[in-house]
Amino acid sequence: MTTARASGPLLLGVRHHGPGSARAVRAALDAARPQAVLIEGPPEGDALLPLAADEEMRPPVALLAHAVDDPGRAAFWPFAEFSPEWVAIRWALARDVPVRFIDLPAAHSLAVEEAEAGRDEAPEEEDGPPAAVPVDPIRVLAETAGYDDPERWWEDVVEHRAPGSGEGADPLAAFAALGEAMTALREAYGDGGHPRDAVREAYMRIQLRAAAKEFGEDFAVVCGAWHVPALRTRTTLTADRALLKGLPKVKAELTWVPWTHQRLARHSGYGAGIESPGWYQHLFAAPDRPIARWMTKVAGLLRDEDRFVSSAHVIEAVRLAETLAAMRGRPLAGLSETTDAIRAVMCEGSDVPLALVRDRLVVGSTLGEVPDTAPAVPLQRDLTRQQRTLRLKPEADEREMELDLRKDTDASRSRLLHRLRVLGVGWGEPAAGRGSTGTFRESWRLRWEPELYVRVAEAGVWGTTVLSAATARAESDALAATALAEVTALAERCLLADLPDALPVVMRALADRAALDADVGHLADALPALARTLRYGDVRATDTTALGEVATGLAERICVGLPPACTGLDADGAEALRLQVDGVHTAIGLLAGAVPENADGLRERWRAVLHKLAVRDTVAGVIRGRAARLLLDDGHLDQDAAVRLMGLALSPGTPPADAAAWIEGFVGGAAGGGMLLVHDERLLALVDSWLTGVPADTFTDVLPLLRRTFSAYEPGVRRTLGDLVRRGPAPAGAPGRGSAAGGGTTAPGFGPALDTARADAVVPVLRLLLGLDPQPVTADTAGTAAAADPAGRRAPAHHDDRHHDDRHLDDRHLDDRHLDDRHHDDRHHDDRHLGETA
């Protein structure tokens, strides 16, 4: 039996991105064979519709519309392979049937959105009715049918319908029923909290009248089911035009851009999104047995992740999903049943692998493709050309990439990614490298988002190529920057991006800001970025002479102004300045290597500044402790002096909070502070004695600071410290590990003092590895090492050095085994010691 078709055009109300609706639309079009097809979408996109038939066009894709004078004002109309609108477009193009868009033009919708955004930002008036809450028609219908989940209701009544059986034999029956339901909803809820729909529907009715004059009533309209009652409403042309009168308008351009399944998902913020695009894609594409095929996909994914999943798991999961569907009264197992079955059978009840299934399959990471003939701004075309040349394919999944800047291709990739960052196109973000820390290595984290096409369109105002646009943007940012740190960071980005034409402008702005800025904190924030940029002169063949001069001047001014700036600080200010001191210390080390003519004088001045900070009582404790530590690490403060400074800082007259701050500055963080305590028992004994002597009423005040200090140590260091504290101080007369004397009782696994003979034996090999010796090490050059051998053995230098290296590694191996054996006892003792101290 066939449902009688109402007079007028064939109105096919659908749910956007619904595979059931897509199949029904295809069946209805095959049955009706209309002379034209009208689609809900911006009419400016009519010229782009033929590209949908291109072999290189692979959904998901989207129509991107943006204002010509403001590319950041943009809107998307996404289409998936299972979208009813996309199915209708492809059906019409395959049969040479005219196909057009009939929604409100993008020129109006972009302008209206901007006007509404301006009204939203305006202060709200106290009087007036509250704004209507938007109605979700699918949810209302599901609740009316007794369902608590709208997605489950939609699956049962639409997605799981079997075409060609029962009521499904009539391809128009579902559209007639859905149209009646939406008519009842519109009568009850009006515009449903969507006031703009009245304007859109008025424009669509005008387009339907124009199509009727051209094709009669033999055309089909594919639109959201919510709009069907409004399109059937009899109105006058004058009334519809009155609704459109006075609408704002902007000049807009449209193109096709790739889209992703993640952006089709509702959680991405797309209003018409769905919960499970990957699942819907599977339902649409599976020719038969969708549940069994889905379980096979899941099994393959879990196997790729090294989880044991056999064919028996697949069979059992299919049976369980079908059983759950029967128990719940569903015509076919849906996503909830398959998910429950996968969790129980393949994931052993765990939600951890199930989250992977959701991300990879239920939502999916498919990225569409568009043909080269699609319109694009010149900057986008240049970017696409470089992506192909450098074999950098945009991908929706996040991936990490390691670059070796000594290779031409990797260096070009690095320049492209840095130039895009200058333009605000965040395709790649620098990541911490896992291998080498050399300046010729870079690590990137790449992920392409559809919104980046909008960013590229916005950046098109700066130039037609990536290089010219990045240069113009850098020059503009340099002139507009107000803070010195902004200019120094921009100079670093210019060097990384290889923008030689922009660098002179940036350098002039840098010199001007540096001359006017007298704040030591600003200077300290700016110096590290400048020092880092000096490292790239060798690898990137960039002239950094001008930067070296500016950086040296900043360092001189910091040395003069830093001591007065370190007094009278609260805890937060002292911590911020401590970080700046660390940054300046590292920067001056880099500057000394990059600007050798000023190296000695710069190091001496900075060393004098650290001495002042370490001994001044008015300086915050965390800064004094950090200054002492930096001097100790550089060899400009001996162990005895360090012990004396710590003894003064931890004396009974020092407030516990100040003493704890000094400890944090001296041994805090992960920069080897724990190893310093491990290898110098005098320092450890001072800390332990001070800690056990803290009064009970103030211990809880300093405990958070101490916990933050020691929690940054590696587990092995903490275990060793616990063992040393448990053992207690060395017996009287016995030297500590920081002593130069030999003999005496020491901790197991440690020698009484440094073995200078063994250490000297390794020096020739180290010099050879570091390139300090122009000739390879021979037996003659290693004479000193052989002479230091207590057994008086003579051997070739390479054999002798390897022998000592092996002994050294064996001792380290024994130390590691010793630390592992003490793991349990140390943790037990640490807890007991802290409890007794508290």
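Two strands pair if DSSP finds at least two bridges between them, and strands (E, at least two residues) and helices (H or I, at least four) are DSSP runs numbered from the N terminus. With that in hand, welcome to a tour of this predicted model, where local features need pLDDT of at least 70, side-chain atom pairs count only at pLDDT 80 or more, and totals for chains, interfaces and linings use all residues. Residues are numbered from 1 along each chain as its sequence is written, and side-chain values use heavy atoms, with hydrogens and water left out.

**Two sheets**

Let's begin with strand 3 (residues 61–67), which pairs with strand 7 in the antiparallel sense over seven bridges. Across this pairing, leucine 64 faces threonine 255 of strand 7. Both strands belong to an open, antiparallel sheet of three strands in the order 4-3-7. Its edges are strand 4 (74–79) and strand 7 (252–258), each of which pairs on one side only. Neighbouring strands here are turned by 20° against each other on average, direction ignored; axes are lines fitted to C-alpha atoms, and angles run from 0 to 180 degrees between N-to-C directions.

Another open sheet of three strands, again with antiparallel pairing, has the order 8-10-9. Strand 8 (399–404) and strand 9 (428–431) are at the edges with a single partner strand each, so one side of each has no neighbour in the sheet. From one strand to the next, the twist averages 35°.

| Strands | Bridges | Residues standing opposite |
|---|---|---|
| 3 and 7 | seven | Leucine 64 and threonine 255 |
| 9 and 10 | four | Alanine 431 and serine 443 |

**Charges**

The structure holds 37 salt bridges, each a side-chain nitrogen of Lys or Arg within 4 Å of a carboxyl oxygen of Asp or Glu. In one of them, the side chains of arginine 263 and glutamate 449 meet at 3.1 Å, N to O. Arginine 263 sits in helix 10 (residues 261–264) and glutamate 449 in the loop between strand 10 (441–446) and helix 18 (451–459), so the pair ties together parts 186 residues apart in sequence.

**Surface patches**

Patches are made of residues with over 30% relative accessible area and no salt bridge, joining like charges within 9 Å and nonpolar side chains (Val, Leu, Ile, Met, Phe, Trp, Tyr) within 5 Å. Asp136, Glu143, Asp148 and Asp149 form a negative one, with glutamate 143 placed in helix 4 (residues 137–144). Asp and Glu count as negative, Lys and Arg as positive, while His and the chain ends are not counted. The place of a charge is CG of Asp, CD of Glu, NZ of Lys or CZ of Arg.

Leu766, Leu769, Leu770 and Leu772 make up a nonpolar surface patch, with about 450 Å² of accessible area together; such areas come from the Shrake-Rupley method with a 1.4 Å probe, and for residues only the protein chains shown count as cover. Leucine 772 is in the loop between helix 34 (756–770) and helix 35 (783–787).
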